[in-house]
Amino acid sequence: MIFREVEDRDLIAKARRGDVDAYSILVSRWEKRIFNYLLRLVGNREEAMDLSQDVFLKAWQNLKKLEDAGRFSSWLFRIAHNEAFSLLRKNRPEVELSGDPTVADRSVRLFPVELSLAVERALNRLSDDQREAVLLKVYQGFKFEEMAEILGCPVSTIKSRVYAALDLLKDALAPVGARGVQ
Amino acid sequence: MICSNVDLKAYVLGEVPESERGAVAAHVHECANCGEELERLNLTHLALVSLRDEEVPRRIAFVSDKVFEPRWWQRIWQSGPVMGFASAAVLACAILAHGVLAQGTGRAAPPQPTSVDTAAVERRVSAEVNERLNAAVSRAVARAVSDSEARQQQQTLALLAAAERKYDFQRKADLAAVASNLDIIRKEQTRMFMASNGLEMRP
C-alpha cells in the first residue's frame, strides 16, 4: 500500500507536468475501484462507465489543483461522489437524497449468486447516502476522517450514516450470512 | 441489550485503535449480549465483503482524445533542446544588446542614456528571439510529426505481419484437418471394400 502510494505520487507528479502516459497508468490503477464504487452507487453499468470516464477526465483537467498528492485517493473519490450525485439528482429530482430509506430497486442485477443478490438487494434498500457510506467504508477501506473529506460532512455525520446502514444491513443479512458465508 | 461503553461497530469496521482492541475483545468474551451482537456484525460484514468487484467492461478510452494532447506551449516547455536553444538565443541577444549599448556610449566615458534608442534595440532583440524560437519550434514539431508517422508505420507493419502469421497458421491447420479427414475416408473405403469381399484387414 505504501509502495503503491509512492508510485502514485511519482505518476501524479509526471501527470501534472502533462505526461499522458503517466496519467494513463494512474487511470489503470484506479479505474476498477472507481467503476465498482459508481456501479454500486448508481446501479447501472453503462452509467457507471460513463461516470468513470467523466471522473478521470475531470481529474486530469484539475490535477494541478490537487495540493497534496498523498490525498489523491480521497480527492478522486470526491470527484466520483460529485459526479454520481449529480446524476442521481438528475434522474430522481423528486427524491430527497439525504435519508430516504425507500429507494427503488435497481434494474440491473449484478451477480447470479444467492448471497450476492441478497447483499445487493440489502444495499439497494439503503438511502443513497447510507449506501455510499458503506461503499466507502467497507469496500474502499477509507477511514471516517477520509470519508468526511470526500463527502464534505462532519465525522459524526459519517459515523451516524455508517452505523444506521450497518443496523439495517445486519437485520437483512445476518441470517443470509449465517447460511452463506460460514 | 449491548453495553454502551464498547463500540462494536467501530471494532468490526477497523476503527478501534490497536491499543484498545484487546479491551473490547476481553469485554466481548465476558458479556454474552455483546458477544452475540459482535457475531451478527461479523456475519453482516462477511456477507458484504463477499460481493466481488466487477471488471471494468472497457478501457477508459479517452487517452487518445484531443483534450489529453499537450498544448503547444507544453510541448515546447517539455522539449529540453528547444528550451535550451531558446535560452541560449536570449542570452546571445542580451550580450549583443549590451555590446551595442557599450559601443554607442564608449567605455571610458560615463554612460549617456540619451544616446541609444533602447526601444529599437529591444524590438530587434525581441524579433531575433521570436525568429529563432519559431524556427526551433517548427523543427521540433516537424521532428515529432515524422517520429509519429514512423511509429504508426511500424505498428501497421507489425499488425500486418501478425495477421499474415495468423492466417498462415490457420491455413496450415485447415490443410492438416483436410488431410486427416481424407485419410479417415480412405481407410473407411478400404475397410468397406475388404468387408464386402470377405477379406480381413491386417492389423
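Two residues are taken to be in contact if their C-beta atoms, placed from the backbone, lie within 7 Å. By this criterion, residues 24 or more positions apart account for 62% of the contacts in chain A with a separation of 6 or more. The corresponding share in chain B is 53%.

**Confidence and composition**

The model is predicted. For the complex, the predictor gives an ipTM of 0.76 and a pTM of 0.57. Chain B has an average pLDDT of 80, and 78% of its residues score at least 70. Within chain B, confidence is highest in helix α1 (residues 8–12) of chain B, with a mean of 93, and lowest in helix α4 (residues 72–78) of chain B, with a mean of 61. Where pLDDT is low, the predicted coordinates should not be read in detail.

Chain A contains eight helices and zero strands, and its elements follow the pattern α-α-α-α-α-α-α-α along the sequence. Chain B contains six helices and zero strands, in the order α-α-α-α-α-α.

| Chain | Length | Buried share |
|---|---|---|
| Chain A | 182 residues | 37% |
| Chain B | 203 residues | 8% |

**The nonpolar core**

The largest nonpolar core has 59 residues, and those that touch the most other members are Ile34(A), Leu38(A), Ala80(A), Val119(A), Val134(A) and Met147(A). Helix α2 (residues 20–42) of chain A gives the most to this core, contributing 11 residues. In soluble globular proteins, nonpolar side chains tend to be buried together.

Which residues does Ile34(A) contact, leaving aside its neighbours within four places in sequence? They are Ser52(A), Val55(A), Leu76(A) and Ala80(A). Ala80(A) is itself among the core members that touch the most others.

**A helix pair in chain A**

Helix α4 (residues 72–91) of chain A packs against helix α7 (residues 144–151) of chain A, with their axes 8 Å apart and an angle of about 45 degrees between them. On the α4(A) side the contact is made by Ser74(A), Phe77(A), Arg78(A) and His81(A), and on the α7(A) side by Glu146(A), Glu149(A), Ile150(A) and Leu151(A).

**Contact between the chains**

Val27(A) lies in helix α2 of chain A. Is Val27(A) buried or exposed? The cut-off for a buried residue is 20 or more other C-beta atoms within 10 Å; Val27(A) has 23 such neighbours and therefore counts as buried. Not counting residues up to four places away in sequence, Val27(A) touches Phe56(A) and Ile60(B). The C-alpha atoms of Val27(A) and Trp60(A), 33 residues apart along the chain, are separated by 9.7 Å.

Beyond residues up to four places away in sequence, Ile60(B) touches Val27(A), Glu31(A), Ser52(A), Gln53(A) and Phe56(A). Ser52(A) is also one of the contacts of Ile34(A), and Phe56(A) is also touched by Val27(A).

Key. Residues are numbered from 1 along each chain as its sequence is written. Chains are lettered from A and ligands numbered from 1 in the order in which they are written. pLDDT is the predictor's confidence in each residue, from 0 to 100. Helices (H or I, at least four residues) and strands (E, at least two) are DSSP runs, numbered from the N terminus. A residue is buried if 20 or more other C-beta atoms lie within 10 Å of its own, exposed if 12 or fewer, and partly exposed in between; C-beta atoms are placed from the backbone. A nonpolar core is a set of buried Ala, Val, Leu, Ile, Met, Phe, Trp, Tyr and Cys residues joined through C-beta atoms within 7 Å. Axes are lines fitted to C-alpha atoms, for helices over the stretch in contact, and angles run from 0 to 180 degrees between N-to-C directions.
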